[in-house]
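Subject: Structure for your files

Hello,

Here is the structure I said I would pass on. My notes follow below it.

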Amino acid sequence: MQDVFTRFTFDNICIFVLGTDPGVLSIEFREESYVKAFDEIEEAILHRHMLPESCWRLQKWLEIGKERTFSRAIKVAERFIFQCISLKKERLRRKSTRTMEEDEGSFNFLTAYLENDRGESTAGLEISDKFLGDAAINLLAAGKDTVSAALSWFFWLISTHPLVENKIWEEIIKANNTREIKDDKNWWIFSAQELRKLVYLHGALCETLRLFPPLPFEHKAPVKADILPSGHKIGPDSKVIFSLYAMGRMESIWGPDCSEFKPERWISEGGGIVHVPSHKFIAFNAGPRSCLGKEMTFIQMKMVAIPIISKYHIQVVEGHPVSPSTSIILHMRHGLKVKSARDAFDKEDLRMMVKIEVLVIVFFINRVVSVLCYDEGYS
């Protein structure tokens, strides 16, 4: 399942950022070099975290080890992105980027940049291909694996906690039965407002992110000498590394049941979602650096979880090893091999996943448009 989720999220983020659907989630399950390149970039970044800066810079200069792989992977990723930029510019020149066939009726950042700039500068920055490529790589790296990793751990957790899975299933069925407008064919499609009512599912996703944060560690470096609230002094050349994975399992933060998977900890006595400060639940970072895509991440995960839980009883294959990988993204080292009421996803199930892709993009569009309108003073 991890492979399916990774392909799904890669297609999603490419459509949203580049306006291009690479179609890596397909019946053929194609292996694309640019997808592998992003994985190699992640490994090299972890390598840089583990080695002293002087060591990896020497490897980069000598073009050996992980730095050699990183250099090659960046070139492959940039080739894919610059090709998308070139095609998008050509479509803009032909005045065809807004057609349903070319852009699938969706907003994307690349078109927004190009149409807004038209060769001029924005906020003092010249919108060159290099600028667009760097921005695209940054966004693709942020959205490619985080959601797929979280979904993989979520389905492993509910497969090992059948009571939780059953409660989520009951909540979905109850929510569907109380809807004013019903669509028997696509009943598993919920609006953003309806998704917010699925409290137990939300709690289970939060609990997954607490125990298995997609970004298991972070590091910060002060620009000048400072003193932490604990009294520890840090210099401008220091690097502070903190583990989100460890923080989610600390009894001093989450109580004596910190190691247990309990969606109930996120639900109030009144049946609502418990507010947890971002400095405690730090999966989406905290303060001014909080993740801008937090709300969309939950929407995307819920839209994927609902049809799968409704149609399948997921079980991990007996004897399949489950352990975290050593990476900047908390993937499963051996993937997630499962069995269900059906032996595997069939063509109809893949079409369903592709349909979810389109729906997620629609939610992205509505969210971005609402933010833009607010910024312009229209709401």
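Is lysine 262 buried, partly exposed or exposed? Lysine 262 counts as partly exposed, at 29% relative accessibility. Please keep in mind that this is a predicted model.

Lysine 262 forms a salt bridge with aspartate 257, with 2.9 Å between the closest N and O atoms. Aspartate 257 also pairs with arginine 265, where the closest N and O atoms are 3.3 Å apart. Aspartate 257 is buried because its relative accessible area, 18%, is under the 20% cut-off. Arginine 265 is buried too.

Another one joins the side chains of arginine 30 and glutamate 32, at 2.9 Å from N to O. Arginine 30 is partly exposed at 32% relative accessibility, and glutamate 32 is partly exposed at 23%.

On the surface, Leu58, Trp61, Leu62 and Ile64 form a nonpolar patch with about 460 Å² of accessible area together. Leucine 62 lies in helix H3 (residues 53-62) and is partly exposed, with a relative accessible area of 42%.

Helix H7 (residues 129-144) spans 21 Å from first to last C-alpha, close to the expected 22 Å. Its buried residues include Leu132, Ile137, Leu140 and Lys144. Helix H4 (residues 65-93) contains serine 71, which is partly exposed at 33%.

Regards

How values were computed: Residues numbered from 1 in each chain as written. Predicted model: local features only at pLDDT ≥ 70, side-chain atom pairs only at ≥ 80, totals over all residues. Heavy atoms only, no water. Helix = DSSP H or I, 4+ residues; strand = E, 2+ residues; numbered from the N terminus. Buried < 20%, exposed > 50% of the residue type's maximum accessible area, 1.4 Å probe, protein only. Expected span 1.5 Å × (residues − 1). Patch = residues over 30% accessible without salt bridge, like charges linked within 9 Å, V, L, I, M, F, W, Y side chains within 5 Å. Areas by Shrake-Rupley, 256 points an atom, 1.4 Å probe, with all protein chains shown as cover. Salt bridge = Lys/Arg side-chain N within 4 Å of Asp/Glu carboxyl O.
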